[in-house]
Amino acid sequence: MQITGTAVSLTVDDVEASSGFLVEHFGFTEAMAADGFASLTRPDAGAHVVYLRRGLATLPADQRDEHARGLILAFEVDDLEGELARLRAEGVAITMPLTVEEWGERAFQVRDPNGVVVQLVDWNGAA
């Protein structure tokens, strides 16, 4: 097997709202979009983020009504404090303050309009 790409697919109620959030606040661009579907990318992300509308008939019946819960869409960044300040200035609510874990991870979180947790992280804390 050779993996030629990676994507994370999230099922949400309002595809356009989540897509717009990543475009506006995280610099993604829509690579593809259709009714109930959007695929977003950025050259440095290493993976596409795909949003699918809940109830979409193309999804298997046992997945159609699931909502992207219990997961964290995490992006490792170079300037964590700078990103925190930028998002605050843009009016994005910080839903988890900047924390430092004993294993060296530093992170804060926001939520998109569908409640998907987006975490920015670095590994610059004391390990």
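**Ground rules.** I am working with a predicted model, where local features need pLDDT of at least 70, side-chain atom pairs count only at pLDDT 80 or more, and totals for chains, interfaces and linings use all residues. Residues are numbered from 1 along each chain as its sequence is written, and side-chain values use heavy atoms, leaving out hydrogens and water.

**Helix H2.** I looked up which residues of H2 (80-89) are buried, and found Leu80, Leu84 and Leu87. Buried means under 20% relative accessible area, with a 1.4 Å probe and protein chains only. Helices are DSSP runs of H or I with at least four residues, strands are runs of E with at least two, and both are numbered from the N terminus. Seen down the axis of H2, the buried residues fall within an arc of 70 degrees, so they line one face. The arc is taken from the directions from the helix axis to the C-beta atoms. A handy reminder: residues three or four places apart point the same way because an α-helix has 3.6 residues a turn.

**Aromatic rings.** I searched the whole structure and got three aromatic pairs. Rings of Phe, Tyr and Trp (its six-membered ring) pair if their centres lie within 6.5 Å; planes under 30 degrees apart are stacked, over 60 edge-to-face, and the rest tilted. Phe21 and Phe26 have ring centres 5.8 Å apart and planes at 50 degrees, so this pair is tilted. Phe26 also pairs with Phe75, again tilted, at 6.2 Å and 45 degrees. That pair links distant parts of the chain, 49 residues apart: Phe26 sits in helix H1 and Phe75 in strand E5.

Terms used: Buried < 20%, exposed > 50% of the residue type's maximum accessible area, 1.4 Å probe, protein only.
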